[in-house]
Amino acid sequence: MSKKHSISAGGADTAAPAIKLTAIDKSFGTVHANQNVDLHVASGTVHGVIGENGAGKSTLVSILYGFYSADSGQIDIFGQPADIRSTADAIAAGIGMVHQHFMLVPNFTVLENIIIGHEGSGSLLDGIKAAEDKLRTIADHYGLQVDLHARVGDLPVGLQQRVEILKALYRGARILILDEPTGVLTPQEAEQLFSILDSLRVQGVTVLLITHKLREIMAVTDTVSVMRAGQMVAHLKTADTNPADLAQLMIGRPVLLSVGYTKAQTGDVVLSADRLCLHGNTAEYALRDISFDLYRREIFGIAGVSGNGQSELLDILAGIRELSAGRLKIGMTEITPQAPLSPSQIKALGVAHIPEDRHAAGLVLPFSAGESAILGYEKDIAAACRGWFLQPRTIRAHCAGLMQAFDVRPADPDLRTSLFSGGNQQKLVVAREMSSAPDILLVGQPTRGVDIGAIEFIHNQLLRLRDAGSAIILVSVELDEILNLSDRIMVVNAGRNMGIIDRSAADAQKIGLMMAGVPVDELPAACGDRP
Amino acid sequence: MSRQPVPRWIDIGLLPLVNLLAAFAVAAIIIAVIGENPLQAMGVMIKGAFVYKGALGYTLYYTTNFIFTGLAVAVAFHARLFNIGGEGQAMMGGLGAGLTVLACDQILPAGLAVMLGIFAAALFGAFWGFVPGWLQARRGSHIVITTIMFNFIAASVMVWLLAGMLMAPNQMSPETRSFAEHVSLPKIHELAAGFGFEMVRTPLNLSFVIALAACIGVWVLIWRTRLGYIIRATGHSERAAVYAGHNPAHIIMIAMAISGALAGLMALNEILGVQERVILNFTAGYGFTGIAVALMGRNHPIGIVFASLLFGALYQGGAELDFEFQTITREMVLMIQGLIILFSGALAYLFKPAVERVWFRLKQ
């Protein structure tokens, strides 16, 4: 290691703000992503930037980290004007970034991952030894314990994130940017992350936390800036604000943070899963012995950290994947590995499906909205097709109807699907699937990447459909969403069912432990005794 | 952050034009370097392609070939399949048309024999496209590799048959006997004469009209039928197609069969329209140029007609260029064609960022 790294806090001028952005402006074509944005982040604080998807948060941090260069504006780091044209410039200026999706090589060890790009000269061994000593110092200093010789692929997600933080600190970061860091964590892992951020702050590291979750802002930040439609609309002390005010600043109008849930009288069983299994890519099971019954007029929530089998379960229920073992009964029809049904056959049983990934599966982005609005229903929607031929006028009228009923904007059936905002794309999918008045609706991540206004709308539509007599399976990694809407909640961990609990007995702590792999009957007694 | 797209006319109109101009600019420099006047050469080429007596007929005759092979590439491409086997599928189409007509031209009325020949051309071409489609769908063999292989197989089959059992008796060239008299697609000048118009004799025949009809057919198929909808959905996102309840394997096989059929129809122009017998190498690279045609025409029938017309004009005008200038040889003309393929095919999006930047600056 030829370069000398400093891990001590402070630096040139502790009075100067760690980050000072002045009048940052950035356009992509006609999209004005950042308009005259100012930001001051005091050294040694945790500063949150909150805003909806598309508000310009990612663009702003991309400019700060050197992925994009601003059209105009000034960046000062610790009081020094910084000309950041590449990520290398950003790292040199003391900025580190932990991405939403980790940039790690799974089959390298922690140590190998951290020294990528800093291997030192010729002989790898010398570099590794020096790096190891230095890393231990950093890890002790910040209380970031992790086994340096473990294979990253074997580590849980929370620890992988810790590796990312270590990597940034190793490179001499005194400013740490975290982009939506809790998306892949259990509530408990998120808590651990927050305490790490706390200790970083104590050691003088400046943290910039980018998120769309109000709870995280309230939990961990000192100050917060709110972005809306490319502009900074407020800079606040976290202690002086509250979630409702922040939400209103984010979307520009008052909003209900949770919909009015009322209990409904459930009916008979419409779907029954009996020991469903699915082989994974390796010898392990992606799903193992999942059993549950689904009743008419209920929302059955499936909670779990992303990647624990819930996506595969939805695929099985929709017929996209075939069972490896077990038995699934929809209405009177039995589905087994020997007698699988195709997605269109399952659809014919009255099952509709709002897929997790609307970009790849739920919509065809280059299609017009009208064309996307008949995807999967080309034959069924009255007169969308006459014989072999599409009927453009009917398709347009059908789409216009859906757009009106579900408040999709702009209400233009001829507009390319890709040009709608995330929330409006999702409303289009929801409209299409609900308009068939399904007996069973499979819902995957209904509000991922959707703005708050649309979330409220979609949640109300799900409750309305349930009250109209449908059974709904709701898969979501947003725990609040599950807790808000579900009548019963099943938690999955590593493809196994950790137990099903009733709405009245569920709380975030209990579900969090189950998400981390504690079966419902082994939960600590003190847990969840609240009414 | 997604970029706001530029208006469609820029993508499908202006950009190909810019590519074309770039190709011509480079060609002009080269012509200037060898000591000729580029503008004069351009004039000769345009006259050769459109103005001289019969020139237009020849241009449209070449255009016909490009329309069929361009459409073939386009249909496959809507399912995101890169069919570069147009050459082989066209050969098979010619073989199918030839075998059918040879088998029945003595016994059936001429019109019926030709109709059967057309049908057989499409069928043989479809089969030659279907098999790589099947291999892709069921065995995961990449369509690019298999269609190239199938070009070689088709070429070998043609040599084997034409130098063997199909070779006409008592002659030395690898070709079949000629079809019986009048068993061919009528020439346009013959048809015009029937209506009392006097036209120059050219090889232009009824397959040009069939090619235009195929354009309409492909447009209807892709944008106005359920099958086309599913083909496009599969092409854009296979997961969306699966989600919607369609089997991508079936769509791949169907799209490749349709693509092959269109390439096979190229044989109408050459075999049933002009040669009136099966010869070797009648495809002459049209199948490959079809890729450039489809790319330049943005996989849309209207674009393909214009791109085909351009390449048709290049073929015909290029021949004139070769004839008029001593210094400009046949190879020189091939090079100009190559430049156009390079700029509008391989480098199709080279100028896109620049054009977009200019557009947004103008708009502001």
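This is a predicted model: local features need pLDDT of at least 70, side-chain atom pairs count only at pLDDT 80 or more; totals for chains, interfaces and linings use all residues.
Tutor: Residues are numbered from 1 along each chain as its sequence is written, while chains are lettered from A and ligands numbered from 1 in the order in which they are written.

Student: Why is strand β8 of chain A called mostly covered?

Tutor: A residue is buried if 20 or more other C-beta atoms, placed from the backbone, lie within 10 Å of its own, exposed if 12 or fewer, and partly exposed in between; six of the six residues of β8(A), residues 206-211, are buried.

Student: How do you know that strand β3 of chain A pairs with β8(A)?

Tutor: Two strands pair if DSSP finds at least two bridges between them, and five bridges join β3(A), residues 46-50, to β8(A), the two running parallel. V49(A) stands opposite I210(A) in β8(A).

Student: What makes chain B as compact as a globular protein of its length?

Tutor: Chain B has 16 helices and zero strands. The radius of gyration of chain B is 21 Å, close to the 21 Å that the globule rule gives for 364 residues, so chain B is as compact as a globular protein of that length. That radius is taken over C-alpha atoms, and the rule is 2.2 Å times the number of residues to the power 0.38.

Notes. Helices (H or I, at least four residues) and strands (E, at least two) are DSSP runs, numbered from the N terminus.
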